[in-house]
Amino acid sequence: MDETHVAGDAHFGFIRRLLASESYLLRDHLQRLDSDARHRRFGHDVSNAFIASYAAHASDFGNVTFGYFVDGDVRGVAELRPGTLMRPESAEVAFSVERPFANRGIATQLMGRIIRTARNRGLSHLTLVCMTDNAKMQAIARHYGADLKIEDGSIFADIVPNRADYRSLVADMIDEPMTYLYAALDMQTRISGSGEI
């Protein structure tokens, strides 16, 4: 489990995989994004209804979503979506961080977690698409050795993960059971916060 204290924040945040039953957490996170952040995430303006439909399919076969959790709520997300049958060794990645939690290194940490998962799944290429003015996301991609190019007015970053090794495999083996433990604790936090008994 990747636990990280975010500088300047009174809360401890940590990264874990979202369970299939937690698609509502992705929905709530994406709906909290302001219009500019939604546009950057999806490449166009989207409604709450669109986001609800999108989140409902977040756990479709092969998809993996990681959330940055603070006090039981998701404040940042990284998504790994496998390629087509024509390119089964590739996947698309996408990120979003709520404005109050931006500029604290969360997206960089989420990218590292996605890359580790991609390594362990044997993926050889990750594609990140962002707008040409999204300098922060381009910098994160470069941090992980991405090759960037412009196509149709967007930036396409190609990241080539290293092959899986003992450390990456063991880290995932440890994280998996902890995911369920933290999911139960996060649920308890949300119930306590809502006043439900």
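Predicted model: local features only at pLDDT ≥ 70, side-chain atom pairs only at ≥ 80, totals over all residues.
Residues are numbered from 1 along each chain as its sequence is written, and side-chain values use heavy atoms, with hydrogens and water left out.

Back to Ser-168, which sits in helix H6 (residues 166-194). Helices here are DSSP runs of H or I with at least four residues, strands are runs of E with at least two, and both are numbered from the N terminus. If you skip the neighbours within four places in sequence, Ser-168 is in contact (heavy atoms within 4.5 Å) with Arg-116, Arg-119 and Asn-120.

Is Arg-119 buried or exposed? With 17% relative accessibility, Arg-119 counts as buried. Again leaving out neighbours within four places in sequence, Arg-119 is in contact with Pro-161, Asn-162, Arg-163, Ala-164 and Asp-165, as well as Ser-168. For a sense of scale, Gly-72 is 47 residues from Arg-119 along the chain, and their C-alpha atoms are separated by 28 Å.

A nonpolar core is a set of buried Ala, Val, Leu, Ile, Met, Phe, Trp, Tyr and Cys residues joined through side-chain atoms within 4.5 Å. The largest one has 29 residues, and the members that touch the most others are Leu-80, Phe-95, Leu-126 and Leu-128. At least two residues of this core come from each of strand S3 (64-70), strand S4 (73-82), strand S5 (90-97), H4, strand S6 (125-131), helix H5 (135-143) and strand S8 (154-159). H4 gives the most, with 7 residues.

Which residues does Leu-80 touch? Not counting residues up to four places away in sequence, the list includes Gly-62, Val-64, Ala-91, Val-93, Ile-114, Thr-117, Leu-123 and Leu-126. Apart from this core lies another, of 17 residues, among them Phe-14, Leu-25, Phe-42 and Phe-69.

Now look at Met-137, in helix H5. Met-137 counts as buried because its relative accessibility is 12%. Beyond residues up to four places away in sequence, Met-137 touches Phe-95, Leu-128 and Cys-130. Ser-96 is 41 residues away from Met-137 along the chain, yet the two C-alpha atoms are separated by 9.9 Å.

Next come the helix pairs. Axes are lines fitted to C-alpha atoms, for helices over the stretch in contact, and angles run from 0 to 180 degrees between N-to-C directions. Angles under 35 degrees count as roughly parallel, over 145 as roughly antiparallel, 65 to 115 as roughly perpendicular, and the rest as oblique. Helix H1 (residues 23-32) and H3 pack at about 150 degrees, with their axes 9 Å apart, and are therefore roughly antiparallel to each other. On the H1 side, Ser-23, Leu-26, Arg-27, Leu-30 and Gln-31 meet Asn-48, Ile-51, Ala-52, Tyr-54 and Ala-55 of H3.

How does helix H2 (residues 35-42) pack against helix H3 (residues 48-56), and at what angle? The angle is about 45 degrees, with the axes 13 Å apart, so H2 and H3 are oblique to each other. Arg-38, Arg-41 and Phe-42 of H2 make this contact with Asn-48, Phe-50, Ile-51 and Tyr-54 of H3.

Finally, two loop residues have backbone angles to check. Asp-71, in the loop between S3 and S4, has a phi near 55 degrees, a positive value in a residue other than glycine. Asp-71 is partly exposed, because its relative accessible area is 47%. Asn-103 lies in the loop between S5 and H4, and its phi is near 60 degrees, also positive in a residue other than glycine. With a relative accessible area of 62%, Asn-103 is exposed.

Conventions. Buried < 20%, exposed > 50% of the residue type's maximum accessible area, 1.4 Å probe, protein only.
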